[in-house]
Amino acid sequence: MTDAQPPHTVTINGLHRDGTVCPMTGAHQLTGTGRAASRACAAHGGRRIQVLCTCGASIPAIDRLDAVVTKAVHHARHLRELSFRYIVDDGDGPQPMLRVHTRVA
């Protein structure tokens, strides 16, 4: 039995606001407060994180954790339809909510 190759490759990339690539390690790594460990990213105007896929999708992420989740969901959507169940309390008590993410080509 052989493992089938995934149809697309999904990566997490950091981009400085001036367009240069952020390595997101060393001096560019963020501290627990969300600020760069040094002025390396600030010198380039800050950083934004994107999840990029070979299908052409470019999805912005809030932080690294969001990027990891977004990457996993996007990759899984290439393989199958996903459904998530959430419990949302909007002040009227807990309500179940179903969100279906359809398969992408």
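The questions and answers below walk through a predicted model of one protein.

In this predicted model, local features need pLDDT of at least 70 and side-chain atom pairs count only at pLDDT 80 or more, while totals for chains, interfaces and linings use all residues. Residues are numbered from 1 along each chain as its sequence is written, and side-chain values use heavy atoms, with hydrogens and water left out.

Q: Which residue in β4 is the bridge partner of Val51?
A: Two strands pair if DSSP finds at least two bridges between them. Strand β3 (residues 47-53) and strand β4 (residues 58-61) run antiparallel and are joined by four bridges. The hairpin of β3 and β4 has four residues between the strands, and there Gly56 takes a positive phi near 105°. In β4, the bridge partner of Val51 is Ile59.

Q: How many disulfides does a search of the whole structure find?
A: A disulfide is a pair of cysteine sulfur atoms within 2.5 Å. The sulfur of Cys53 has its closest cysteine sulfur in Cys55, at 3.5 Å, which is too far for a bond. Across the whole structure, the number of disulfides found is zero.

Q: Is Val10 buried or exposed?
A: Buried means under 20% relative accessible area, exposed over 50%, and partly exposed in between, using a 1.4 Å probe and protein chains only. Val10, which is found in strand β1 (residues 10-16), lies 65 residues from His75 in sequence, yet their C-alpha atoms are 6.5 Å apart in space. Because its relative accessible area is 7%, Val10 is buried.

Q: Why does Tyr86 count as partly exposed?
A: Tyr86 is found in strand β5 (residues 82-89). The partly exposed class covers what lies between the cut-offs for buried and exposed. Tyr86 belongs to this class because its relative accessibility is 32%.

How values were computed. Helix = DSSP H or I, 4+ residues; strand = E, 2+ residues; numbered from the N terminus.
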